[in-house]
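Got your viewer open and your selection tool ready? Here's a short walk through the fold, one selection at a time.

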Amino acid sequence: PPWRSSAPCRWFLANNDEMPMSKRWQLTIASDLHNLPLIAQFVRDAGRAAGLDEGALFAVELACDEACNNVIEHAYRGAKGLLRIACSVSQADFVIEIQDNGHPFDLTVIRPPKRIRRPADLPVGGLGIHLIRTLMDTVEYRFSPETGNHLTMIKKGVVPLTTPGES
């Protein structure tokens, strides 16, 4: 199974003393398509720990999978690199941040697809960003020459006020 691979991986829960009751999970992993199942498991575990229901879990996992797949295939273009993924809770919102040092890509240049009347007319590929935008409430991208690409995706209002196990 992928989670037992020798791929370099760090996964931990970070406590933030400045923000009591905040939760943050971080994963640093090699940019390899074989690691996508491990990334999906990481996001699913963070979402469950945050108290997301199955519908929200599906949305955040699929959006993160699509975004990481794009980084691996397009930003790194087959080169070795790292993906840094952080999931956090901000009030009732679930936030996913993805950072990489691959080639920059401006999401704002991608327009929504034209209406397709028949599924057979759908193009192969090219719908990932549209899918991410559809699944998530906020999608923001920024690039810094010092720290690389930063993608922030937010699913709003999906975290209960108390999570399982809290009183």
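This is a predicted model: local features need pLDDT of at least 70, side-chain atom pairs count only at pLDDT 80 or more; totals for chains, interfaces and linings use all residues.

Numbering runs from 1 along each chain as its sequence is written, and side-chain values use heavy atoms, with hydrogens and water left out.

Show everything as cartoon. You'll find three helices and six strands, taken as DSSP runs numbered from the N terminus (helices are H or I, at least four residues; strands are E, at least two). Trace the chain and the order reads β-β-α-α-β-β-α-β-β. Of the 167 residues, 41% count as buried, meaning under 20% relative accessible area with a 1.4 Å probe, protein chains only.

Next, select 24–30. That's strand 2, mostly covered, with five of its seven residues buried. Zoom in on Thr28 and you'll see Arg84 of strand 3 opposite.

Now jump to helix 3, 128–135, and show Gly128, Ile129, Ile132 and Leu135, which are buried. Why do they sit on the same side of helix 3? Because they cover an arc of only 130° around the axis, judged by the directions from the helix axis to the C-beta atoms.

Finally, bring up what covers those buried residues: helix 2 (54–75), strand 5 (138–144) and strand 6 (148–155) are among the elements there.

Conventions
Buried means under 20% relative accessible area, exposed over 50%, partly exposed in between (1.4 Å probe, protein chains only). Two strands pair if DSSP finds at least two bridges between them. Contact means heavy atoms within 4.5 Å.
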